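Colleague: Hi! Could you walk me through this one?
Modeller: Happy to, here it comes.

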Amino acid sequence: MPTSIRLESKTEERLSQLALLTGRTKAFYLREIIERGLEDVEDYYLAADVLERIRKNQEQAHAAADVRKELGLDD
């Protein structure tokens with residue numbers, strides 16, 4: 001899927017330099033960055049969403065000690 005993004009000039013220069021030095025394309029590195037970083041971004045934003053729901057009492061949370069005790073893992 002073709003996608004277009006705007007980069008700050010300094011970031012674009014770094015990307016261009018990396019591509020030049022390694023013989024790979026800028027598109028290769030952009031795909032790598034997205035694929036490697038997407039999981040981290042998902043984790044962060046999805047966790048932030050759950051935390052917000054907990055703060056608004058829209059999501060139930062359980063203390064780790066209570067869960068361990070309930071599961072019989074508190075030995």
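Colleague: What radius of gyration does the protein chain have, and what would a compact globule of 75 residues have?
Modeller: The protein chain comes out at 21 Å, whereas a compact globule of 75 residues would be near 11 Å. The radius is taken over C-alpha atoms, and the globule rule is 2.2 Å times the number of residues to the power 0.38.

Colleague: Before I go on, what sort of model is it, and which residues count?
Modeller: It is a predicted model: local features need pLDDT of at least 70, side-chain atom pairs count only at pLDDT 80 or more, and totals for chains, interfaces and linings use all residues. Residues are numbered from 1 along each chain as its sequence is written, and side-chain values use heavy atoms, with hydrogens and water left out.

Colleague: Thanks. What box do the C-alpha atoms fill?
Modeller: Roughly 55 × 30 × 25 Å, taken along the principal axes.

Colleague: And how many helices and strands are there?
Modeller: The protein chain has three helices and zero strands, so the order from the N terminus is α-α-α. Both kinds of element are DSSP runs numbered from the N terminus: helices are H or I with at least four residues, strands are E with at least two.

Colleague: How much of the protein chain is buried?
Modeller: Buried residues are 4% of the 75. Buried means under 20% relative accessible area, exposed means over 50%, and partly exposed is in between (1.4 Å probe, protein chains only).

Colleague: Changing topic: which residues form the nonpolar patch on the surface?
Modeller: V41, Y44 and Y45, with about 360 Å² of accessible area together. V41 sits in helix α2, residues 26-55, and is partly exposed at 43% relative accessible area. Patch members have over 30% relative accessible area and no salt bridge; like charges are joined within 9 Å, and nonpolar side chains (Val, Leu, Ile, Met, Phe, Trp, Tyr) within 5 Å.

Colleague: Which residues form the negative surface patch?
Modeller: E39, D40, E42 and D43. D43 is also in helix α2, partly exposed at 48% relative accessibility.

Colleague: How far apart are the mean positions of the positive and negative charges?
Modeller: They are 8 Å apart, for 12 positive and 16 negative charges. Lys and Arg count as positive, Asp and Glu as negative, while His and the chain ends are not counted. Each charge is placed at NZ of Lys, CZ of Arg, CG of Asp or CD of Glu.

Colleague: Now, how many salt bridges does a search of the whole structure find?
Modeller: Five, where a salt bridge is a side-chain nitrogen of Lys or Arg within 4 Å of a carboxyl oxygen of Asp or Glu. One of them joins R53 to D49, with the closest N and O atoms 2.5 Å apart.

Colleague: Where do R53 and D49 lie?
Modeller: Both are in helix α2, four residues apart, about one turn of the helix. R53 is partly exposed at 25% relative accessibility, and D49 is partly exposed at 40%.

Colleague: Which residues are linked with R53 in a network of salt bridges?
Modeller: D49 and E59. The E59 to R53 salt bridge is 2.9 Å, N to O, and E59 is partly exposed at 32% relative accessible area.

Colleague: And which side chain meets K56 in a salt bridge?
Modeller: That of E52, at 3.9 Å, N to O. K56 is exposed at 51% relative accessible area, whereas E52 is partly exposed at 36% relative accessibility.

Note on methods: Accessible areas come from the Shrake-Rupley method with a 1.4 Å probe; for residues, only the protein chains shown count as cover.
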